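Here is my note on the model. Please read it with the coordinates open.

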Amino acid sequence: MPKDYCKYHPLTTARWHCDTCCIEVCDDCAPAGNDMESLPNCILCNHPLRPATSGPVVEPFWQRYTDFLRVPFSLPGVGVLVLLMILPVMAPEKLLLPFAFGSYTLIMLIAWGILQQGSSGEVAFPDFARLGKSLSGPAIPLAALVSALIAALGWLAQDLSFIAFLLAVMAVCLLPVLLMIVGRDKALAGIVQKESWFGIFRAVRFLYIPLGGGAVLLFAFLQALVSLLSDVASPGIVQGMHNGAYGYGLWVVSAVSGYALLQFQDALGFQSEGVRVKGRKSAIRRLDSNTARFEVLLKEGMYDKAVSHLRGQAEKHPNAIDVQERYFQLLVFLRDKSGVAHQGESFLSALLAGDKREEAMVVLSKILLVMPEYRPEDPGTALGLAKACTEFREFARAVQLLDGMHQTSPHFPQLPEAYMLRAKLLHEKLGQSQQALEAMEYLVTRFQKHPRYELMRAYWKQLGGQDSSGDFLV
């Protein structure tokens, strides 16, 4: 099956498909709603998306039978098989039945770990750390069920060998279905539901013939080999050979069944490694939903919608620098002069609040290219910019930002501080002492009860102010 990629991120595999827009998108371009378990909606048409049917190319299981047959022949696998074959030889004959049941249980616990690893596409004997993690969920009940079935068939074979043989063939033929049901549902409840069994057959169809038939042939060969050697062996050795044969067979069949889950995952509604197809909690996202929506709108050329979307975000998060910057850059790109001036002030306020004065100076320069006479409407922003200009030795620009503030913002609480800064810049940096004196005369005339009045009066006198100079006319 070919792999589809996201329309807007060509290197990312698509996980969602929109039937209305006929596009495939990744998780980043399918922002989740309020309910994280619900399917997301398309950014463009707002219709629900469905999981994409495309996925990684999986080689058919019948082309990898040799890989499955080699799974038990790893160092840990061989070690466990040898141990299970030796223990019955040393055990008393009366304890062979408990030893057999315990051996089958251990074999099936390992088989469950092999099945889970096979369902992720990795055909190999798992390490012991991974086996330990796989013991949760249905592992123990499944192991007990399979062990009881093997023990029951062995007991029945003592008196009714032909019936036991027929039942064993049927059980082995259906074993892959049972394993796939439990592997898909992660529970034993599905094995008593007729729909679960039919669901597996509908998904695999006629390809179940090599799956079930291969399991029957494998166990028939192993059983024939054990029967050939059991005539001249003691009960302990025979039980050891049974352990080895069942262990090898169950591990191979579990590996094939797990891999078949991966191969038919779309038809079975299964996704490996715990990733849920319908849910959203497992998705690893690079972008937040607002950024993803913005990117899609831009790439589709829907600039009006992009502006509207970012305007709402900027108003909702006035101090979020990344949001303000994104909106400002879009307006600059669209050459929206009025929008640049209006949004620029919000962006400047966010930068100054974050103590990013150098970035604020860059933004101010961009605004002034569009509107040379620009000055923020908010006096606090104007004062913050003037301080930044002073820090970067742009004294004339700082004075311009503070000019006429007593007329535009007469009730600004920091007006005395702003005009003290303006007067010092005019006198000390620009050599315009007369304008500095006029600014200080306004302060000493209006703010006579200000806590810093004496400081303002001293500087006024330093500039040449006289007590009889009269009121400063505004």
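The points below take up a surface patch, a helix pair and some backbone details.

1. Ground rules. This is a predicted model, in which local features need pLDDT of at least 70 and side-chain atom pairs count only at pLDDT 80 or more, while totals for chains, interfaces and linings use all residues. Residues are numbered from 1 along each chain as its sequence is written, and side-chain values use heavy atoms, without hydrogens or water.

2. Nonpolar patch. Phe 73, Val 78, Val 82, Leu 83, Ile 86, Leu 87, Val 89, Met 90 and Ile 237 make up a nonpolar surface patch. Together they have about 800 Å² of accessible area (Shrake-Rupley method, 1.4 Å probe; for residues, only the protein chains shown count as cover). Patch members have over 30% relative accessible area and no salt bridge; nonpolar side chains (Val, Leu, Ile, Met, Phe, Trp, Tyr) are joined within 5 Å, like charges within 9 Å. A salt bridge here is a side-chain nitrogen of Lys or Arg within 4 Å of a carboxyl oxygen of Asp or Glu.

3. Main contributor. Helix H2, residues 75–90, gives the most to this patch: seven residues. Helices are DSSP runs (H or I, at least four residues), numbered from the N terminus. Val 82 lies in H2. Val 82 is partly exposed, at 40% relative accessible area (buried is under 20%, exposed over 50%, partly exposed in between; 1.4 Å probe, protein chains only).

4. Helix pair. The axes of H6 (residues 161–185) and H7 (residues 194–204) come within 10 Å and cross at roughly 105°. H6 is therefore roughly perpendicular to H7 (65 to 115 degrees). Axes are lines fitted to C-alpha atoms, for helices over the stretch in contact; angles run from 0 to 180 degrees between N-to-C directions.

5. Pair contacts. On the H6 side, the residues include Leu 174, Val 177, Leu 178 and Arg 184. They belong to a set that meets Ser 196, Trp 197, Ile 200, Phe 201 and Val 204 in H7. Contact means heavy atoms within 4.5 Å.

6. Phe 198. This residue is also placed in H7. Phe 198 is partly exposed, with a relative accessible area of 42%. Its C-alpha atom is separated by 47 Å from that of Leu 298, 100 residues apart along the chain.

7. Positive phi. Arg 205 is not a glycine, yet has a positive phi of about 60°. Arg 205 sits in the loop between H7 and helix H8 (208–230), and is exposed at 62% relative accessible area. Asp 355 has phi near 60°, again positive in a non-glycine residue. Asp 355 lies in the loop between H14 (337–353) and H15 (357–370). Asp 355 counts as exposed, at 57% relative accessibility.

Note on methods
Helix = DSSP H or I, 4+ residues; strand = E, 2+ residues; numbered from the N terminus. Parallel < 35°, antiparallel > 145°, perpendicular 65-115°, else oblique.
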